[in-house]
Amino acid sequence: MRQTVHKIVKKHMEGVGAHLRRIMLILIAAVIPALNMKTFIRAGDLFPGGFTGLTLLIRHVAHTYFSLDLPYSPVMLVINVIPIVIGFKYVGRRFTLYTCLMVVISSVLVDIFPDLAIIDDVLLCAVFGGIIAAFCGYLCLRAGASGGGTELIAIFISEKCGRDAWNYMLVFNAVILSIAGAIFGWERALYSIFFQFSATQLLNSIYKRYQKTTLLVITNRPDDVYRTIHEITNHDATVFKGTGCYLRAERDLVYSVVAADEVQKVARKIKEVDTLAFINILHSKQILGRFFLRPND
């Protein structure tokens, strides 16, 4: 009885610790885009992509044509209503709640932080601003959240299609920035598209949840290797019988496809189970058929 209570308490404390870590990551991720907005984006006079750029576009139109100085945070929160509803319904409730926290804090900080121009070179602002935006997006996703807006829509599409949708969002962002270019000038819009391109491509390369990896494992312990793969990823595997050409010994080939962000952990555990295992890791461009994707919480 005492051991059972101890296990329950320990599990509860681990859950609380995980939530606190997620909140800390989100707080850090909320500060970064606000600073990015007030430094590189403002110094380069850029329009970032996504709903952030849409918010700035609405504010500029209101100021230029209607002499209205709209605060950033209310506009940002209002236009995020539809993505938030989509997130609650199709992505995950807790994931979307953390996303709401991220959107609210970062929006408020944009209104609070003062302008701080570090450099005045527009190209450098576009490059480094895009890198910082990608890093912020990665932090959010690692914390089990997103920056809202097009990020949340991209995750919804990726969950439904089982593959990255970031480049589709780049097309949407290019449309928004083209509208901004038609209104405020093409040079500014083209630099902004470059900013969004660098952010999207970098995020696409470092966040691998929706990318697939093929594992080919030559082993003498196929059952243990399969059990390791299944316990970590919940994926199945297929075992092929073969013969080693050098020793003419019978060997087993375990074939499985896992998410790219899990492959290093799986490979490390397989080597612990069978130190003599030969592992070939291949990038899988396209998978047709059922593939388990761990749901967002």
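Is serine 192 buried or exposed? In this predicted model, serine 192 has a relative accessible area of 0% and is therefore buried. The residue belongs to helix H9, which covers residues 186-206. Apart from neighbours within four places in sequence, the contacts of serine 192 are Leu46, Phe47 and Leu177.

## Overall architecture

The protein chain contains 11 helices and 4 strands. Its C-alpha trace extends over about 80 × 55 × 35 Å along the principal axes. Of the 297 residues in the chain, 40% are buried. Among contacts in the chain with a separation of 6 or more, 76% are between residues 24 or more positions apart.

## Packing around helix H3

Helix H3 (residues 72-79) takes part in two helix pairs described here, one with H5 and one with H4.

The axes of H3 and helix H5 (residues 93-112) come within 8 Å, with a crossing angle of roughly 155°. Angles over 145 degrees count as roughly antiparallel, and H3 and H5 are therefore roughly antiparallel to each other. The crossing of H3 past H5 is right-handed. On the H3 side, the contact is formed by Tyr72, Ser73, Pro74, Met76 and Leu77, and on the H5 side by Val103, Val104, Ser107, Val108, Val110 and Asp111. By residue class, the contact of H3 with H5 comprises 8 nonpolar, 2 polar and 1 charged.

The axes of H3 and helix H4 (residues 81-91) come within 4 Å and cross at roughly 45°. The relation of H3 to H4 is therefore oblique. Leu77, Val78 and Ile79 of H3 meet Val81, Ile82 and Pro83 of H4 in this contact. The residues of the contact of H3 with H4 are 6 nonpolar, with no polar and no charged.

## Loop residues with positive phi

Most residues other than glycine have a negative phi. Serine 67 has a positive phi, near 55°, and arginine 248 likewise has a positive phi, near 60°. Serine 67 is located in the loop between helix H2 (50-66) and H3. Arginine 248 is located in the loop between strand E2 (238-243) and strand E3 (250-259). With a relative accessible area of 64%, serine 67 is exposed. Arginine 248 also counts as exposed, at 58% relative accessibility.

## Cysteines

How many disulfides does the model contain? The count comes to 0 disulfides. For cysteine 140, the closest cysteine sulfur is that of cysteine 136, at 4.5 Å, which is too far for a bond; a disulfide requires the sulfur atoms to be within 2.5 Å. Cysteine 140 counts as buried at 1% relative accessibility, whereas cysteine 245 counts as exposed at 67%.

The table collects the accessibility values of the residues discussed above.

| Residue | Relative accessible area | Class |
|---|---|---|
| Serine 192 | 0% | buried |
| Cysteine 140 | 1% | buried |
| Arginine 248 | 58% | exposed |
| Serine 67 | 64% | exposed |
| Cysteine 245 | 67% | exposed |

## Loops on either side of helix H10

Two further loop residues can be described by their surroundings. Asparagine 220 lies in the loop between strand E1 (212-219) and helix H10 (222-233). Leaving aside neighbours within four places in sequence, asparagine 220 contacts Glu250, Arg251 and Asp274. Aspartate 236 is 16 residues away from asparagine 220 along the chain, and the C-alpha atoms of the two are separated by 18 Å.

Where is alanine 237 found? Alanine 237 occupies the loop between H10 and E2. Which residues does alanine 237 contact, leaving aside its neighbours within four places in sequence? The contacts are Tyr226, Val254, Tyr255 and Ser256. Between alanine 237 and proline 48, which are 189 residues apart along the chain, the C-alpha separation is 43 Å.

Conventions:
Residues are numbered from 1 along each chain as its sequence is written. This is a predicted model: local features need pLDDT of at least 70, side-chain atom pairs count only at pLDDT 80 or more; totals for chains, interfaces and linings use all residues. Side-chain values use heavy atoms; hydrogens and water are left out. Axes are lines fitted to C-alpha atoms, for helices over the stretch in contact, and angles run from 0 to 180 degrees between N-to-C directions. Angles under 35 degrees count as roughly parallel, over 145 as roughly antiparallel, 65 to 115 as roughly perpendicular and the rest as oblique. A crossing is left-handed if the near helix is turned anticlockwise from the far one by less than a right angle, and right-handed if clockwise. Contact means heavy atoms within 4.5 Å. Ala, Val, Leu, Ile, Met, Phe, Trp, Tyr, Cys and Pro count as nonpolar, Asp, Glu, Lys and Arg as charged, and the others, Gly among them, as polar. Buried means under 20% relative accessible area, exposed over 50%, partly exposed in between (1.4 Å probe, protein chains only).
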